[in-house]
Amino acid sequence: MPLDVLLADIAACRACAPYLPHTPRPVVRVGEGTRLLICGQAPGRLVHETGLPFNDPSGNRLRDWMGVDRETFYGRPEIGVAAMAFCFPGTNPKGGDYPPPARCAALWRKPLLAALPNVELTLLVGSHAQAWALGERMRANMTDTVAAWRDHIDQGVLPLPHPSWRNTAWLRRNPWFEAEVTPYLRRRVAGILGS
């Protein structure tokens, strides 16, 4: 299926409407030139309101990890964003957002990836994305999976923790991430962008 037709179908998707506390607003930002695909969990409230992926403090931290500014992140066709679920799943009263509904990935993930043949590197942001993409290759938990990042580079994927403020303590406990993974990520992003 041509990418433009697929993206129109995704934009019109209402499969989760009965389960969401708001009108679905699928947020996907990819194109024919996507070479770096960012796969997170699902849009947050700010992303739902603006329609712009990673348009929140998590996005600021992710852009810092990548070594790009906001203009580059949104302006370069090489960078694409397609989360495990395309719509904001709602806020859990116990804190944080609900996990991404599996039905979204079941409907759209395979056809979307098939329509993006130029992707060289996929950032698996958080455990939901890692579990879907890595399957049995995922380690016991997100920390172990990210720590084994070198094992996945040959498959064109790089597991990352979620850049949420909720993971600030995780980053303090795991200084190897910013010492080892972030420099590698910045080099790869610079290479993809030709800078």
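**Strands first**

I began with a term: two strands count as paired if DSSP finds at least two bridges between them. The model I am reading is a predicted one. With that in mind I looked up Cys39, and I noted that Cys39 stands opposite Leu124 in strand β3. I then followed the pairing of these strands, and I found that β1, residues 36–39, and β3, residues 121–125, pair in the parallel sense over four bridges. Another partner I could write down is Leu121 in β3, which is the bridge partner of Leu36.

Next I turned to the neighbour β2, where I found that β1 and β2 pair in the parallel sense over three bridges. Here Ile38 stands opposite Val81 in β2. I reminded myself that strands of a sheet pair through backbone hydrogen bonds, either parallel or antiparallel.

**The whole sheet**

I wrote down the strand order as β2-β1-β3-β4, which makes an open sheet of four strands with parallel pairing. The edge strands are β2 (79–81) and β4 (157–160), since each of them pairs on one side only. On average, neighbouring strands of this sheet are turned by 20° against each other, with direction ignored.

**What covers β1**

Helix α3 (residues 57–66) lies across β1, β2, β3 and β4, and it runs at about 145° to β1. Helix α6 (residues 127–134) lies across β1, β3 and β4, and it runs at about 130° to β3.

**Ala82**

I found Ala82 in the loop between β2 and α5.

**Helices α1 and α5**

I then looked at how helix α1 (residues 3–12) packs with α5, and I noted an angle of about 160° and axes 10 Å apart. Angles over 145 degrees count as roughly antiparallel, and therefore I describe α1 and α5 as roughly antiparallel to each other. I recorded that α1 passes α5 in a left-handed crossing. From α1, the residues Leu3, Leu6, Leu7, Asp9 and Ile10 meet Trp108, Pro111 and Leu112 in α5. By class, this contact of α1 with α5 has seven nonpolar residues, no polar ones and one charged residue.

**Lys110**

My last entry stays in α5 (residues 102–114), where Lys110 lies. Since exposed means over 50%, Lys110 counts as exposed at 64% relative accessibility. Finally, I noted that Lys110 and Lys94 are 16 residues apart in sequence and 32 Å apart in space, C-alpha to C-alpha.

How values were computed:
Residues are numbered from 1 along each chain as its sequence is written. This is a predicted model: local features need pLDDT of at least 70, side-chain atom pairs count only at pLDDT 80 or more; totals for chains, interfaces and linings use all residues. Side-chain values use heavy atoms; hydrogens and water are left out. Helices (H or I, at least four residues) and strands (E, at least two) are DSSP runs, numbered from the N terminus. Buried means under 20% relative accessible area, exposed over 50%, partly exposed in between (1.4 Å probe, protein chains only). Axes are lines fitted to C-alpha atoms, for helices over the stretch in contact, and angles run from 0 to 180 degrees between N-to-C directions. Angles under 35 degrees count as roughly parallel, over 145 as roughly antiparallel, 65 to 115 as roughly perpendicular and the rest as oblique. A crossing is left-handed if the near helix is turned anticlockwise from the far one by less than a right angle, and right-handed if clockwise. Contact means heavy atoms within 4.5 Å. Ala, Val, Leu, Ile, Met, Phe, Trp, Tyr, Cys and Pro count as nonpolar, Asp, Glu, Lys and Arg as charged, and the others, Gly among them, as polar.
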